[in-house]
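Q: Could you take me through this structure step by step? I would like to begin with how the chain is divided.

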Amino acid sequence: MSAPAPSIPSPATRIVIAGAGPAAQALVRQLELARFRGSITVLSNRDDASEELLELAGLPCVSVRFGQPASFIDAESRSVATADGMEFSYDQLVIATGSAPVAAPVEGAGRCLSYSTIDDATRIGEAVREVTRKLGRRPLGILVGTGAAAGQAEAVLRARGVRPIRTTVRPATVVPSISGSGLAASGVVFEDGSSMNGDLVVLAEERVSRDGLAASASLRTAPNGGIEIGQDFRTSVPGIWAIGDAAAFDGVRLGLLVAAASAAGACATQLMTAAPARQPAQVAA
Ligand SMILES: Cc1cc2nc3c(=O)[nH]c(=O)nc-3n(C[C@H](O)[C@H](O)[C@H](O)COP(=O)(O)OP(=O)(O)OC[C@H]3O[C@@H](n4cnc5c(N)ncnc54)[C@H](O)[C@@H]3O)c2cc1C
C-alpha cells in the first residue's frame, strides 16, 4: 500500500482578497492548485460575476461576497471592512483592486462606446459590425483618449474597418447621434463649443491603480499611483500583499494580464509559506 500524500502546510489560514478581477481569480486558482487548506474570502465591489468567478466561488475553501467593496483596513486587528460595514478578519490580505479611469466620466458617457476593460474590445467589435451593416459603408469613429488604452482602441477600431479620428482633448459632453448609425451617440462637444461628429464615439481614457485602500492601513504608494510592493509582493505593512494593476514595483504599474497572472502565481507561493497571524492555541501540559 502506498503512503498517503504528504499534506501541504498552509499556515495562512484566512486569506482575504480585495478585488475579484483577473489577478484575484488567478490567485485563487493558484492557491487551489497548491492545495491551500485555509479559507479564501474574495470581496467584489460588483454585483455581477463572470463564469470563471462563479466557478471559483464553488470551490470548497472559497467564498465570494458580491457587491461588497473593501473600504477600510484595520492592519492592527487584521480586519477589512466593506462599504456596508461588514467586517472580515484575515491572516493575510491581498489587495487586487485593479485600475480605474483617471478622470470622472465625461457627461453623457453612458451613451457611447467605452474601451475601459479588456472585454470591451469584443463589445466594440459587435457594435461596429451592426453600425457598418446599418450605414452600408465604412464608419467614421471619434476616439477620445491618450496613452496605451487609446492606442489599443485605435488598433481595435482599425482592425474592424472603422476610420478613427482621435482627439487627445477631453470633450465636455458626448452628444446624441445624428448620423443614423443606430448608436445613441456619435459626436462630442468641447469646452470651447467646437465639436466633432462621426458615426460612433469611443472613450478610451488613461487608467491609474485603484489604491484608495492603502490610506487606511498607511501602505506606501508610488508617486504615480499603485501600492508599493517588493519582489515578493509584500506591501510596506506586514500581512498585506498587492498584485495586478493595483500594485506598483519600483514605481511602475505593469498593467498587463500576463503580469497579473504571474504575480498571482508568485504571490500564492509566498502565501503558502507565510506565517499565520493567529497564535496557535496553547496546549495544556
Ligand atoms: C481597455 C483595456 C484593454 C486591455 N487589453 C489588454 C491586452 O490586450 N492584454 C493584456 O495583457 N492586458 C490588457 N489589459 C490590461 C488587463 O486588463 C489588466 O492588466 C488586468 O485586468 C488586471 O487585472 P486586475 O485583477 O489587477 O485588475 P482589474 O481587471 O481592474 O480588476 C479589479 C477588480 O476589482 C474590483 N474592485 C475594485 N475595487 C474594489 C474594492 N474596493 N473592493 C472589492 N472589489 C474591488 C473591480 O470591480 C474589478 O473587478 C487591458 C486593460 C484595459 C483597461
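Q: Where does the ligand lie relative to domain 1 and domain 2?
A: The ligand lies between the two domains, because domain 1 (14-100 + 207-273) and domain 2 (109-203) both give residues to the shell around it.

Q: Which residues come nearest to the ligand?
A: There are 35 residues around the ligand, and those that come nearest are Gly19, Gly21, Gly98, Gly244 and Leu257. The elements that give two or more residues to this shell are helix H1 (22-33), helix H4 (147-159) and helix H5 (257-273).

Q: And how do the residues of that shell divide into nonpolar, polar and charged?
A: The shell around the ligand has 18 nonpolar residues, twelve polar ones and five charged ones.

Q: Changing topic: how many helices and strands does the protein chain have?
A: The secondary structure comes to five helices and 19 strands. The C-alpha trace spans about 85 × 50 × 35 Å along its principal axes.

Q: What share of the residues counts as buried?
A: Of the 285 residues of the protein chain, 41% are buried. As for contacts between residues at least 6 apart in sequence, 60% join residues at least 24 apart.

Q: Let us turn to the strands. Which strands does S1 join by bridges?
A: Strand S1 (residues 14-18) is joined to S2 by five bridges, and these two strands run parallel.

Q: Why is S2 described as largely enclosed?
A: Four of the five residues of strand S2 (residues 39-43) are buried, so the rest of the structure largely encloses this strand.

Q: Which way do the residues of S7 point?
A: In strand S7 (residues 92-95), Gln92 and Val94 point one way, while Leu93 and Ile95 point the other way. All four of these residues are buried. In a regular strand, side chains alternate between the two faces of the sheet.

Q: What about Ser77: is it buried or exposed?
A: Ser77 is exposed, because it has 10 other C-beta atoms within 10 Å, and a residue with 12 or fewer counts as exposed. Ser77 is found in the loop between strand S4 (70-74) and S5. Ser77 and Ala215 are 138 residues apart in sequence, and their C-alpha atoms are 16 Å apart in space.

Q: Finally, what is the mean pLDDT of the protein chain?
A: The mean pLDDT is 90, and 92% of the residues reach 70 or more. Confidence is highest in strand S5 (residues 79-82), at a mean of 98, and lowest in strand S8 (residues 99-101), at 88.

Q: Where does pLDDT stay under 50?
A: It stays under 50 over residues 1-10, for which the model has six contacts beyond four places in sequence. It also stays under 50 over residues 280-285, for which the model has zero such contacts. Where pLDDT is low, the predicted coordinates should not be read in detail.

How values were computed. Residues are numbered from 1 along each chain as its sequence is written. This is a predicted model: local features need pLDDT of at least 70, side-chain atom pairs count only at pLDDT 80 or more; totals for chains, interfaces and linings use all residues. A residue is near a molecule or strand if its C-beta atom, placed from the backbone, lies within 6 Å of it. Ala, Val, Leu, Ile, Met, Phe, Trp, Tyr, Cys and Pro count as nonpolar, Asp, Glu, Lys and Arg as charged, and the others, Gly among them, as polar. Domain bounds come from an automatic or database domain assignment. pLDDT is the predictor's confidence in each residue, from 0 to 100. Two residues are in contact if their C-beta atoms, placed from the backbone, lie within 7 Å. A residue is buried if 20 or more other C-beta atoms lie within 10 Å of its own, exposed if 12 or fewer, and partly exposed in between; C-beta atoms are placed from the backbone. Two strands pair if DSSP finds at least two bridges between them.
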